Amino acid sequence: MTTVLTAGLSLKPQYYEAAAACRADGLWFEVHPENYMVAGGPRLAWLEKIREQHGVSLHGVALSLAADTEPDVSHLARLASLAQRVQPTLMSEHLAWSTWRGAYHPDLLPFPRTDAALLRIADNISRTQDALQRRIAIENPSHYLRMDGHDWNEIDFLTELVRRTGCGLLLDVNNVYVSANNLGFSAADYVDAFPAEAVMEIHLAGHTPDPKLGATLLVDTHDAPVAPEVWALYERLIRRIGTRPTLIERDDNLPEFATLFTERLHAERVLRTPLACAA
Amino acid sequence: MSATTPVVAVNSDLARFQDAFARTLLDSSAPPDAHIANLVSQPAFAVYRNTVMKGCIDAVQANFPAVTRLVGEEWMRAAAADYVRTAPPTDPALLHYGASFADFLAHFEPAAEFPYLPGVARLDRCWIEAHTATDENAIDPAVLAALAPERLANAILRPHAAARWAWFPGAPIYNIWSGNRGDAAFDSQPVWKADGVLITRPRNVVTWIELDAAGYAFMDACAAGLTVADAADAALATHGEVDFARMMSALMTAGAFGAIRHTAA
């Protein structure tokens, strides 16, 4: 198996056979661990088969690290058990909440970045890393709402989490683009200011204009090819920070594996430019 | 999901924010709490509402494909939306969502004209349970074939970890269900009689066979820990006439059992 990960792809059941058969230098695959929290069966068997050939990343969506409570103990145990079984190359989660008082809301929900939230989230990341016995990467979320009450800007908040917990970061460039568009800040400035040394992984994905509000509100739908503006931000980032494992993230409106693979080749070209390698 | 109830700092600002936000996500009719009113009033708040609702409805639709095929996507998604409001997911592993969907349909007034739907939903659910059950090799039929009759009679057969079985005395639920899984061409006029099914996963693929009342009673008896002889008596009691050799052969070929234990008796 390749040890240096370059560009990877979201793994969906439709892609199992193609993924298991695919041979490409640096190729890796990412799944949502929640879809593999089962006692047995073909899903786990496929994941293990693909793991024999490729690096695998477990990208969680449900630890609810920003909820004002500790991570659910049984959920964390299931995650640890899956990690034990799959031996993932990377593990990540979001700066967001989703489970609250026993109900699971399948989304990545926002919160005011206060001092109290920082304490809680740092504690939750540490608990998670202790349970998993490894460093995880925390992803910047997509924003839709203008919210008051932040004590911290997002980059400082993430940097402080890194300092306090030793976690890494996952920079989702599409999320930056979507959030900058929706809230009115400079995506390039954000990408330029992101702490390079903490970045363990990069996400690229497609977005869609809101059906009612149009381009004033972009929605992080993961159902379309990566937009040209996002590619441009990505190239800008890679020139500055160098090569990082980069995911073409696709969760809906799934194309043929070969189509997704051409997007991967785009990322590969960026990652393998001399400037990227020298950075 | 969790057996543990997390301790929440109920009086914190963040907890109050999350209480208010979560309440407003699924119930758009309730007036939002004052301190998040400036969020809920933004058109973008709908993105969260829509994403959460879509995620839940997608899961119900994905987990109940035969029900969806029977009622059509539009009806199904409307029913799922009602279900989500009464029983939002508690487990982030959404493959397990919908444990109470069959019961919901049984009391869902618009479903009254489809009395077979709750049973079909039960079987969709059984399929998921079989699909995700612990891996286990089914007993090789040759092992049983090699046993002396009295040794078999005193043995206890444990149903396979993936095995689920059901009996429907009032309607051909199994035939309706199996005709609406995958690409099967459904016979819209099934013979209206009782039927039953054994769904299991002897290896990597979920499979099923039709079960009669005797087969159903036999599986129940085995699951209760009865010996093969006692389970056969239980099957006879429901049916009167049982071709025991044929029933055993069908169950063994289907991979219905995961282990055999011999008793001294």
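**Figure 1. Chain B is divided into domain 1 (43–130) and domain 2 (135–262).** The domain bounds come from an automatic or database domain assignment. Taken over C-alpha atoms, the centres of domain 1 of chain B and domain 2 of chain B are separated by 28 Å. The model is predicted: local features need pLDDT of at least 70, side-chain atom pairs count only at pLDDT 80 or more, and totals for chains, interfaces and linings use all residues. Residues are numbered from 1 along each chain as its sequence is written, chains are lettered from A and ligands numbered from 1 in the order in which they are written, and side-chain values use heavy atoms, with hydrogens and water left out.

**Figure 2. Contact between domain 1 of chain B and domain 2 of chain B.** In this view, 14 residues of domain 1 touch 23 residues of domain 2, where contact means heavy atoms within 4.5 Å. The area buried between domain 1 of chain B and domain 2 of chain B is about 1600 Å², and carbon and sulfur atoms give 66% of this area. Buried area is the accessible area (1.4 Å probe) that two parts lose on being put together, summed over both.

**Figure 3. Polar and charged pairs between the domains of chain B.** Two salt bridges are found across the interface of domain 1 of chain B and domain 2 of chain B; a salt bridge is a side-chain nitrogen of Lys or Arg within 4 Å of a carboxyl oxygen of Asp or Glu. Asp124(B) forms a salt bridge with Arg181(B), with the closest N and O atoms 2.7 Å apart. Five residue pairs (both at pLDDT 80 or more) are in polar contact across the domain interface of chain B. A polar contact is a pair of N or O atoms within 3.5 Å; within protein, one must be able to donate a hydrogen and the other to accept it, and residues adjacent in sequence count only if both atoms are side-chain atoms. On the side of domain 1 of chain B that touches domain 2 of chain B, the elements that give two or more residues are helix H4 (65–71) and helix H7 (117–132) of chain B. H7(B) gives the most to this side, with nine residues. Helices (H or I, at least four residues) and strands (E, at least two) are DSSP runs, numbered from the N terminus.

**Figure 4. The interface of chain A and chain B.** Chain A supplies 50 residues to the contact and chain B supplies 46. About 3900 Å² is buried between chain A and chain B, with 62% from carbon and sulfur atoms. Four salt bridges are counted between the two chains. Asp252(A) forms a salt bridge with Lys54(B), and the closest N and O atoms are 3.1 Å apart. Between chain A and chain B, 15 residue pairs (both at pLDDT 80 or more) are in polar contact.

**Figure 5. Two residues of chain A with positive phi.** Ser64(A) is not a glycine, yet has a positive phi of about 60 degrees. Ser64(A) lies in the loop between strand S3 (55–59) and H3 of chain A and is buried, with a relative accessible area of 6%. Buried means under 20% relative accessible area, exposed over 50%, and partly exposed in between (1.4 Å probe, protein chains only). His222(A), also a residue other than glycine, has a positive phi near 55 degrees. The loop between S11 and helix H8 (228–241) of chain A holds His222(A), which is buried at a relative accessible area of 10%.
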